[in-house]
Amino acid sequence: MTSQRISWHQYFIAQAAILSTRSTCNRRHVGAILVKENRIMASGYNGAVAGTPHCTEVGDYLVDGHCLRAVHAEQNALMQAAKMGIAVDGADLYVTDFPCALCTKLLLQAGIQRIYFMRDYRPDPFASELLDQKKVSIEQVPFEANTAEQINLTQFLKED
Ligand SMILES: [Zn+2]
Ligand SMILES: [Zn+2]
């Protein structure tokens, strides 16, 4: 039997993927998780401001092809930390998708040190430039088929 223990990178990127499934935007579903010393600090997914109508209920608020209604996953993770009084200076970000320029600016200002993303759909050139200038590393961590097998959530299904 092969090892059932998944790597740290796969562990966190898989959690970002699971978080994305809570998205309430009709656009790309994104999940993000802030991690420090292999501990989860905060997490988020993209969706409307809490307590206001979801994109899935009233439609996206599209401006120039972007949905203004949704708070981005990375922003929600940062705001969750702010709300709970959790220091994220020096933390790493695991996110399903390459961050946009605004999220990158906020992440850099919050002191995020490393970014690991899963999908590289339309990487933002200004985000890349800022990350480079701040010497913050960004690395693609694809979700592996082997990990999906190792996680195998169906093993936890209640048997009849
Ligand atoms: Zn939306
Ligand atoms: Zn963003």
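## Strand pairing

In strand β7, D92 is the bridge partner of V35. Strands here are DSSP runs of E of at least two residues, and helices are runs of H or I of at least four, numbered from the N terminus. β1 (residues 31-36) and β7 (residues 92-97) pair in the antiparallel sense, over four bridges. Two strands pair if DSSP finds at least two bridges between them.

This is a predicted model: local features need pLDDT of at least 70, side-chain atom pairs count only at pLDDT 80 or more, and totals for chains, interfaces and linings use all residues. Residues are numbered from 1 along each chain as its sequence is written, with chains lettered from A and ligands numbered from 1 in the order in which they are written.

## The sheet

Five strands form an open, mixed sheet, ordered β2-β1-β7-β8-β9. β2 (39-45) and β9 (137-140) are the edge strands, each pairing on one side only. The twist averages 20 degrees from one strand to the next. Angles run from 0 to 180 degrees between N-to-C directions; axes are lines fitted to C-alpha atoms, for helices over the stretch in contact.

## Helices on the sheet

Helix α1 (residues 8-20) lies across β1, β2, β7 and β8 (114-119) and runs at about 145 degrees to β1. Helix α3 (residues 73-84) touches β1, β2 and β7, and its direction makes about 130 degrees with that of β2. Contact requires C-beta atoms, placed from the backbone, within 7 Å.

## The α4–α5 pair

Helices α4 (residues 101-109) and α5 (residues 125-133) pack at about 20 degrees, axes 8 Å apart. That makes α4 roughly parallel to α5 (angles under 35 degrees count as such). A101, T104, K105 and L108 of α4 meet F126, A127, L130 and L131 of α5.

Definitions and conventions
Angles under 35 degrees count as roughly parallel, over 145 as roughly antiparallel, 65 to 115 as roughly perpendicular and the rest as oblique. Two residues are in contact if their C-beta atoms, placed from the backbone, lie within 7 Å.
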